[in-house]
Amino acid sequence: MSRSAHPAGPRHADVLTEGHYSAPPADLNTLDGKVWAQTVTRNADGVLTVGGVDVVRLAEQHGTPAYILDEADFRGRARAWRTAFGDDADVFYAGKAFLSRAVVRWLHEEGLNLDVCSGGELATALSAGMPADRIAFHGNNKSTEEIRRAVESGVGRIVLDSFQEIVRVAHIAQSLGRRQRVQIRITVGVEAHTHEFIATAHEDQKFGIPLAGGQAAEAVRRALQLDGLELIGIHSHIGSQIFDMSGFEVAAHRVVGLLKVIRDEHGVELPEIDLGGGLGIAYTSDDDPREPHEIAKALTEIVTRECEAARLRTPRISVEPGRAIVGPTAFTLYEVGTVKPLDGLRTYVSVDGGMSDNIRTALYDAEYSVALVSRASDAEPMLARVVGKHCESGDIVVKDAFLPSDLAPGDLIAVPATGAYCRSMASNYNHVPRPPVVVVHEGESRVVVRRETEEDLLRLDVG
Ligand code: LLP
């Protein structure tokens, strides 16, 4: 899902036309800081270290595959978003990217809020001490039970996604004697430049209420009439892994346009707008993500300008980055099991995980990079495909990458930028237990989500 397809490299010219990779880098031992967690480096022996811990030790202590998460990097990125938006805006980390109690505590300490979209995410957030009023509850089909728990626990806002839900939440809030703060999620009709499965603001999809045809204005009309609801704002999320700010610009323009319609019709100026998440990260060296301060500046300017033009008070802005905070902070550590050169094609490198710990390549044609991390190597680059251990040929982790040609079983390789939507979308396909999340920080490692065991899997099988 990297944006660019690349010109043919010098090797294996016969298959290069279908690939998406660049020419091999001059030095395969170099680690591009854009795709690796911040504290990653190679030590004098050529072994990759992160948070001051080397990966050979991590593999011995925690086994492979494992997600290795750099706490300093996570906190640094969370803080950068917080600082960039300042006190006049709110940053809600999107828990769907990756959620655990440790992460919730870090977010709390760094002054971020949290967006959850299921009862399970809400339970995790509350159990780790996130104050309920700093939680936003999302989803296009929240169950009655989930809504009740969200209202009862006092979440700061529920983002309403349909006409039925407007009534449902109002009814539940009223029955509990509450007035629930809500936003209405609208679809602004923007075609975000990203994979079809993760674009969310065009009209022909399941999320939100269309601005087109006056539906969003009608939703506002109804919400304003219901005693159980306090309508505080309008929400728009245009999609994910987006680099081009123009989609946000159009979205902000249309959201502010709706605020104006609401002011003119009801004499009410809604105090908040949420522009969602979706900012892209570097999965390979070809991706060039924006820094949080650039994004904050761009979004704030757009909204301020649009509001001035509409003679509206500038509402409080919130954003919901998930991937942009956690994505780059982790990598997946695998052990190589087999190396299978296919003449004139490429070399298949099988690792001890696969589509069960990273479904993104199979699902979105996502691009990743990979490096040999248990040693340095000066061997010639070989065109490789990193595949998993699952029973299907689409079980690909890294479609096209260069690895040293002396790669052998027992070597450790790592795939960077797997912090977002890998553990959170992991499965037990082929009854493979899900890998642990190991946090590294200042020379220490600790497990924050333990590895699943076969006993865990059997415990669910009660037949
Ligand atoms: N806010 C809302 C309402 C969302 O639906 C999402 C993501 C986010 C914020 C956070 O988006 P982010 O900043 O992480 O891009 N599984 C896909 C991504 C699905 C995103 C779903 N919603 C993937 O692996 O690329």
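**Terms and their grounds**

Guide: In this predicted model, the axes of helix α8 (residues 215-225) and helix α9 (residues 246-266) come within 11 Å and cross at roughly 50°.

Visitor: What makes α8 oblique to α9?

Guide: Angles under 35 degrees count as roughly parallel and 65 to 115 as roughly perpendicular. The crossing angle is roughly 50°, so α8 is oblique to α9. The crossing is right-handed. On the α8 side the contact is made by Ala216, Ala217, Val220, Arg221 and Leu224, and on the α9 side by Leu258, Ile262, Glu265 and His266. By class, these are six nonpolar, one polar and two charged residues.

Visitor: Why is Gln241 called buried?

Guide: Buried means under 20% relative accessible area; Gln241 has 3%, and is therefore buried. Gln241 is found in the loop between β11 (229-235) and α9, and has a positive phi of about 55° although it is not a glycine.

Visitor: Why is Glu442 called exposed?

Guide: The term requires over 50% relative accessible area. Glu442 has 67%, so it counts as exposed. Glu442 lies in the loop between β20 (437-441) and β21 (444-449), and its phi, near 45°, is likewise positive in a residue other than glycine.

Visitor: How do you know that Cys117 is in no disulfide?

Guide: The count of disulfides comes to zero. For Cys117, the nearest cysteine sulfur, that of Cys422, is 17 Å away, whereas a disulfide needs sulfur atoms within 2.5 Å. Cys117 has a relative accessible area of 28%, so it is partly exposed, the class between 20% and 50%.

Conventions:
Residues numbered from 1 in each chain as written. Predicted model: local features only at pLDDT ≥ 70, side-chain atom pairs only at ≥ 80, totals over all residues. Heavy atoms only, no water. Buried < 20%, exposed > 50% of the residue type's maximum accessible area, 1.4 Å probe, protein only. Axes fitted to C-alpha atoms, helices over the stretch in contact; angles between N-to-C directions. Helix = DSSP H or I, 4+ residues; strand = E, 2+ residues; numbered from the N terminus. Parallel < 35°, antiparallel > 145°, perpendicular 65-115°, else oblique. Left-handed = near helix turned anticlockwise from the far one by under 90°. Contact = heavy atoms within 4.5 Å. Nonpolar A, V, L, I, M, F, W, Y, C, P; charged D, E, K, R; others polar.
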